[in-house]
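Subject: Structure for your review

Dear colleague,

Please find below the structure that I am handing over to you, followed by a summary of what was found in it. I would be grateful if you could read the summary with the coordinates open.

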Amino acid sequence: MALIELQGISIAHHDKVILNGVNFSVDEGEFIYIVGAVGSGKSTLLKALYAEIPLKEGAGEVLEFNLQTLKQRHVPELRRQLGIVFQDFRLLHDHTVAQNLDFVLRATGWNKRKLREERIEEVLKAVGLSEKGDKFPHELSGGEQQRTAIARALLNKPKVILADEPTGNLDNESSALIMNILRTAAEQGTAVVMVTHNLNLLQQYPGIVYRCEDETLTEMTQDYYKPISYEEFGIDA
């Protein structure tokens, strides 16, 4: 069974249709890019997947939650099973890195302090921030703040990570660190759905590619990874 399954869905925002007739499926361990122009619906799609924007039409399931019938009181339960990474980090600025992570664990039912401390240590090690637990967000670089946000997303071992432009404001070195963390998560079975405008990443870290355009979502993987045709260059293979 797919982790995410959308069939003929339409999404509107303030009565304006953003996406229409969308079919989209995500399986375990897949690494999926969502690309497209600004305003084409990339971030709107992610918001629909974590139930911030309702579906207008069609059928949608995320981790066996029916998006059409999902009650508002059950939305936090869905989100606890997702890892959500925002471009603007959304860290608590009056909390240290470790306190930011502990806040999430306590809010999601981790009652034993020792277990929380062990899990925080694990995820900080995974994102290369083992020595930064006592730092406040303003004491971190942009890349370190984003890695903290990814550590937060990994805390509850999600089956799906939804990442909205996670490298959007970062330099090349920080972007590479972020991509390697996300690719490692996918290799361990977590599906990653990543919105990006950086098409260079597609070449460096291949995945499944969907493009938002003209209110539609279309798989374009083959267009982005066309094999080289020696004939095009007049070379005999």
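In this predicted model, the largest pocket has a volume of about 610 Å³. Its lining is made up of 21 residues, and those closest to the centre of the pocket are Arg 79, Ile 84, Phe 86, Val 104 and Arg 152. Four elements each supply two or more residues to this lining: helix H2 (75-80), strand S6, helix H3 (97-107) and helix H5 (142-154). The greatest contribution comes from H3, with 4 residues. Sorted by class, the lining holds 12 nonpolar, 4 polar and 5 charged residues.

Strand S6 also belongs to an open sheet of 6 strands, whose order is S6-S7-S8-S3-S9-S10 and whose pairing is mixed. S6 (82-85) and S10 (216-219) are the edge strands; each has a single partner, so one side of each is left without a neighbour in the sheet. On average, neighbouring strands of this sheet are turned by 20° against each other, with direction ignored.

Within the sheet, S3 (residues 31-36) and S8 (residues 191-195) are paired in the parallel sense over 4 bridges. Ile 32 stands opposite Val 193 of S8.

Two helices lie across this sheet. Helix H1 (residues 42-49) lies across S3, S6, S7 (160-164), S8, S9 (208-213) and S10, and runs at about 145° to S7. Helix H6 (residues 172-187) lies across S3, S7 and S8, with an angle of about 130° to S3.

Further strand pairing involves S1, S4 and S5. S1 (residues 4-13) pairs with S4 (residues 57-62) in the antiparallel sense over 5 bridges, and Ser 10 has Glu 57 of S4 as its bridge partner. S4 in turn pairs with S5 (residues 65-66), again in the antiparallel sense, over 2 bridges. Here Val 62 stands opposite Phe 65 of S5. The hairpin formed by S4 and S5 has 2 residues between the strands, and Leu 63 takes a positive phi near 50° there.

With kind regards

Note on methods
Residues are numbered from 1 along each chain as its sequence is written. This is a predicted model: local features need pLDDT of at least 70, side-chain atom pairs count only at pLDDT 80 or more; totals for chains, interfaces and linings use all residues. Side-chain values use heavy atoms; hydrogens and water are left out. Two strands pair if DSSP finds at least two bridges between them. Axes are lines fitted to C-alpha atoms, for helices over the stretch in contact, and angles run from 0 to 180 degrees between N-to-C directions. Contact means heavy atoms within 4.5 Å. On a 1 Å grid over the protein atoms alone, a cavity is a set of points where a 1.4 Å probe fits but cannot get out, and a pocket is an open set with protein on both sides within 12 Å along at least five of seven lines; lining residues have an atom within 4 Å of a point. Grid points are joined across faces, edges and corners, and a volume is the space filled by probe spheres set on the points. Ala, Val, Leu, Ile, Met, Phe, Trp, Tyr, Cys and Pro count as nonpolar, Asp, Glu, Lys and Arg as charged, and the others, Gly among them, as polar.
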